[in-house]
Amino acid sequence: MTNYSYTLLIPLIPLAIFLITGLAGHKFKPIVSGLTGTMGLTIAAFLSYTTAIRYFFIDGPANGMYPQIKAVSTVWLRFTDTLHIDLGILIDPISVMMLVVVTTVSLMAHIYSLGYMKGERGFARFYSFLSLFSFSMLGLVLATNIFQMYIFWELVGVSSFLLIGFYYEKPSAVAASKKAFIVTRFADLGFLIGILMLSFTTNTFDFITLTSTSGPIIAAPAGAAFVGISVVSWALILVFIGGAGKSAMFPLHIWLPDAMEGPTPVSALIHAATMVVAGVYLVARLFPAYALAAPDALHVVAWVGGFSSLFAAVIAITQIDIKRVLAFSTMSQIGYMMMALGVSGYGDHEGLGYMASMFHLFTHAMFKALLFLGAGSIIHAVHSNNMTDMGGLRKYLPITHITFLIACLTIAGIPPLSGFWSKDEILAAALHHNPALFAIGIGVAGLTAFYMFRLYYNVFWGQERHYHHTPHESPLVMTIPLMFLAFAAVFSGFLPFSHLVTSDLKTFETHTDLAVAIPSVLIALVGIGVATVMYRKPNSLPDRVSSSIKGLYTASFRKFWIDEVYQFVTKKIIFSGVSRPIAWFDRHVIDDTMNAVGWLVVTTSERIKGFQSGQVQQYAAVFVSSVVLLVLVFVYLFSN
Amino acid sequence: MDILSLFVVIPVLTVFAIMFAKNLEQTRWISATGMLIQLGLAAFLVFSYLHERNLGNTAQWLFTYDIVWFSSLNIHYTVGVDGISVAMIALTSIVVFAGIFASWEMKYLSREFFISLILLASGVFGFFISLDLFTMFLFYEVAVIPMYLLIGIWGSGPKEYSAMKLTLMLMGGSALIMVGLLGIYFNSDPTGAMNFTFNLNEIAERGIPIEAQRFFFPMTFLGFGVLGALFPFHTWSPDGHASAPTAVSMLHAGVLMKLGGYGAFRVAIYLMPQAAHEQAWIFIILTAVSVVYGAFGAVVQKDLKYINAYSSVSHCGLVLFAILMMNQTALNGAVIQMISHGLMTALFFALIGMIYGRTHTRLINEMGGLMKIIPFLGVVYVIAGLASLGLPGLSGFVAEMTIFVGAYQHPDTFHRVVTIMATTSIVVTAVYILRVVGILLLGPVRNEHHLHLSDAVWWERLSTLTLLVSIAAIGIAPLWLSDMINFSLKPIVERIVAIL
């Protein structure tokens, strides 16, 4: 068996670069930090590709099963004899696949930013944060145990916070970064409690033990139940809440659209391709436990995913900020992946949904990163995020236009582009396990094609705007990543995923199910067709349609008022409803009680201090009168 | 002389040396030298302690020294350390060292200031090395009393009120502790031979009758709890810290409040485990309230020092909470949390003092966008904030996770439910930390007078970096610390389990 301990370098290189550029970056020219970061990531990507080729194609499955290898493992913190946090590297199909995804997209974002962020104040800081993020994300995907994952989970959260708030002088960026951190922190609380419950029931954090079919969860699920659902299911639901927070599932998705305040390469890397799929990865990591020991939890995953994908698709239709359209599209596609996991079974062909989810994660990372980087190129050219400021850009930005069109066709699911293959597997899995979710999936496919082409036509066709200066194509350093990702978006669908990433680590055969493929392609074509009619040439149709369904339009445009709910919860409940009364109570009840005690002592002593006057006459008077009084009392007592 | 007594002797010698200092320059350099020696000595102690353990020395207490002090009452000067006290001594020397540099510019009555500060430190060191309850209490008072002068003379705002409030409330706690200690003393001979002792180990071995425990446990725990900011006896903390000068806040929140947690563990829990086991639930509820209540209290404060004071109520509440869980993991977490909070809060108060020195305000809405103007202080503040909200890689995470995992391993539902309640503080902490960071450091500059502030100078950098490096070191490589504490906790927990 190959020794994979060299994979330790993959996360450590970005870490080293983060430390170097973070501590000494200001001493050099900014470009030095940029180039160092890019070089480091190139090495990390190279190592990841080597690992993938070795693991999948040279070593391959042993006895029909891919091995799970702990390449490195060291105890980091010991709680009890059995419970300890290890830091290590777990090599198995999904972690190797994620290595490829993360390093590829990260490398593309690094290269692209050399052009996109050129001349920005804080260029070095940007690259040092990118390295921090890459390190954290790689540590997350390589985690050998759930607590290591939690550690890196928090670290990607903070990197995301730092990068969303990159333009820290802009109040909206500060607010967005804060919101992202707090909403995901709230979700992480669920994750943490889930970990505590799992650790209590199973006495281990280790992924291999937790997901082993002879392990403590699956072979001997603890009997105790709460409200008719077993403790393990509750724990896994709580863990899923953590995943739902990071992956922007309803109703914890509210931070994702605002996170678009960050620089566009960040949106591509963190908020489209890598960090936001961490929740999917988490469920996939623990998948055998979900599928075999906690089917209730898996139902929750399926429905939350399905609902989020529909919900986000409906909102994406009406947004005018191109990055927000893409953000809701991301949420919708991640909902797809969650739904695929949720409808999946364990083992062999039953595990189709699992395979499809991972497949879609892979292809989505490529085409969504492409869309975001393309959007960045557009924004770079017209200096606006709003599609109302764009139109007819196809002649000015030829490369961006072609690559963006490829990405739109891919996400719409047009064969033979990669999105078609992975989406097809998801829908096939849904059809066999849950027809209702299949219907949602088909609907979302149509909506996706529609809103992507609405975006595409509004930007590249439609009415040409008056631009302050003629938009021009981005430099090569930005278009090369676009072309690379377009290549990946076209061809990654031909990867034989069912031979690579499966729920039980064994390979199986898939074939295209025409009963699924034909309707899904048809509805995509309908979506594209409608968008073409409405948006290709300027006309009054969009306005007429939106005014005919005014209520629905407004609801979608206002994102179903979830932001207002969030505002209400934070401002009215947490701030005014809980914290302020507590602060008042502390000052006016608890502290005033203490002050009252002090006041009581002072007042009492003021009153009685007259007795200690030092005047002999007064003392004599008190003495004599007391004696007389006592004598009278005694006389009275004894005379009876 | 034994190495441990040096920890008391060096500060005292430094104090004598300061008396002969002619000006501020000499005063601060003498103080810095003295505390640098102290820091070196602490490092030496840590290494020699670990060395002894590596050699296989499994005695509960190392470097012990015992001399009869007052024979008719059987009072000794007994010193000795285990992993827990070694860790606390290291914490104290780091915080005191950083505190000296944070008050580098203390111009008003500087000699007297440094004398009181270092005297206070000597009391704290004495407390941590003592194994005799009487001596321990003596040092405790030495540590608490200079606080009154330090706040009353060098403080700001309503300093007399705050100093008086703080001192009286802590004295109230001391009174309870003293009664508790006397109660322990007079019950320390179950044979009835009137052969009483103040020695911690002897008492633990002999055991105290359960009736006496029931009466004296709550007294001692509450007494120490006041110093550990136990709800509802925590209100001295916000006022006291707000009025205290920078280094005093640092020392007080960083070290002195830890005497509360340390004492509650060493005296109340260790000597009276049965009563602790019976009555813990009351205090567990109080501490769980402290944890969440302090965090919510911090959310709406406007004064930086108040925010940090309420945050301390929350974090120190977690210390006492973990101590009451009485299992090895949670206790370990309690000790790490004491150290972690000590470093973090000292760093916060140092930064607040430095920011106040520049802007002359501590109200967050009078400031804004400082990150751009004073990037060094800004970045350190953000990192301190991240440590406070429990980011992995910094000390707060290690401490909190150890506590939560430990507390959750209790077999009964009550302990697990309160643990879940306490975990919610991690969200609220994030809220108030990010609120401050967002208003104070980020966004546009709100006050144009602040546009020309200068960034940290060398002593400020030295002070903050000392603390920051310690926080990061524990956060990145916690195993040696955790193992060192665990080793010493093991016999204690085993004894407690055996008794129950």
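This is a predicted model: local features need pLDDT of at least 70, side-chain atom pairs count only at pLDDT 80 or more; totals for chains, interfaces and linings use all residues.
1. Overall make-up of chain A. The secondary structure of this chain consists of 24 helices and four strands. Its C-alpha trace spans about 120 × 65 × 55 Å along the principal axes. Chain A has 640 residues, of which 59% count as buried. Among contacts in chain A with a separation of 6 or more, 80% are made by residues 24 or more positions apart.

2. Charges of chain A. There are 35 positive and 30 negative charges in this chain. The mean position of the positive set and that of the negative set lie 11 Å apart.

3. The contact between the chains. Chain A contributes 45 residues to the contact and chain B contributes 57 residues. Together the two chains bury about 4700 Å² between them, with 73% of this area on carbon and sulfur atoms. Three residues, A:W76, A:R185 and A:F200, supply 14% of the area that chain A buries against chain B, which is more than any other three residues supply.

4. Salt bridges across the contact. Between chain A and chain B the count is four salt bridges. One that can be looked up in the structure joins A:R587 to B:D239, where the closest N and O atoms are 3.3 Å apart.

5. Is A:S579 buried or exposed? A:S579 is buried, because its relative accessible area is 0% and the cut-off for buried is under 20%.

6. A:V343 is placed in helix 14 of chain A, residues 322-343. Its relative accessibility is 5%, so A:V343 counts as buried. Which residues does A:V343 touch, not counting those up to four places away in sequence? They are A:A302, A:A429, A:A430, A:H433, A:N434 and A:L437. As a check on distance, A:V343 and A:F181 are 162 residues apart in sequence and 30 Å apart in space, C-alpha to C-alpha.

7. B:H452, an exposed residue. B:H452 is found in chain B, in the loop between helix 18 (425-441) and helix 19 (458-476). B:H452 counts as exposed because its relative accessibility is 71%, where exposed means over 50%. From B:H452 to B:F137 the C-alpha distance is 49 Å, and the two are 315 residues apart in sequence.

8. Salt bridges over all chains. The total comes to 23 salt bridges. Side chains of opposite charge can pair when their charged atoms come close. The points below take individual pairs.

9. A:D206 and A:K70. These two residues form a salt bridge, with the closest N and O atoms 2.7 Å apart. A:D206 lies in the loop between helix 6 (171-202) and helix 7 (207-211) of chain A, while A:K70 lies in strand 1 (residues 69-78) of chain A, so the pair ties together parts that are 136 residues apart in sequence. A:D206 counts as buried at 12% relative accessibility, whereas A:K70 counts as partly exposed at 36%.

10. A:D321 and A:R324. The closest N and O atoms of this salt bridge are 3.8 Å apart. Both A:D321 and A:R324 are buried. The two also belong to a network of salt bridges that links A:K179, A:D258, A:D321 and A:R324.

11. B:E278 and B:R214. The side chains of these residues meet in a salt bridge of 2.8 Å, N to O. B:E278 lies in helix 11 (residues 273-299) of chain B and B:R214 in helix 8 (residues 210-227) of chain B, so the pair ties together parts that are 64 residues apart in sequence. B:E278 is partly exposed at 36% relative accessibility, and B:R214 is partly exposed with a relative accessible area of 38%.

Methods. Residues are numbered from 1 along each chain as its sequence is written. Chains are lettered from A and ligands numbered from 1 in the order in which they are written. Side-chain values use heavy atoms; hydrogens and water are left out. Helices (H or I, at least four residues) and strands (E, at least two) are DSSP runs, numbered from the N terminus. Buried means under 20% relative accessible area, exposed over 50%, partly exposed in between (1.4 Å probe, protein chains only). Contact means heavy atoms within 4.5 Å. Lys and Arg count as positive and Asp and Glu as negative; His and the chain ends are not counted. The place of a charge is taken as NZ of Lys, CZ of Arg, CG of Asp or CD of Glu. Buried area is the accessible area (1.4 Å probe) that two parts lose on being put together, summed over both.
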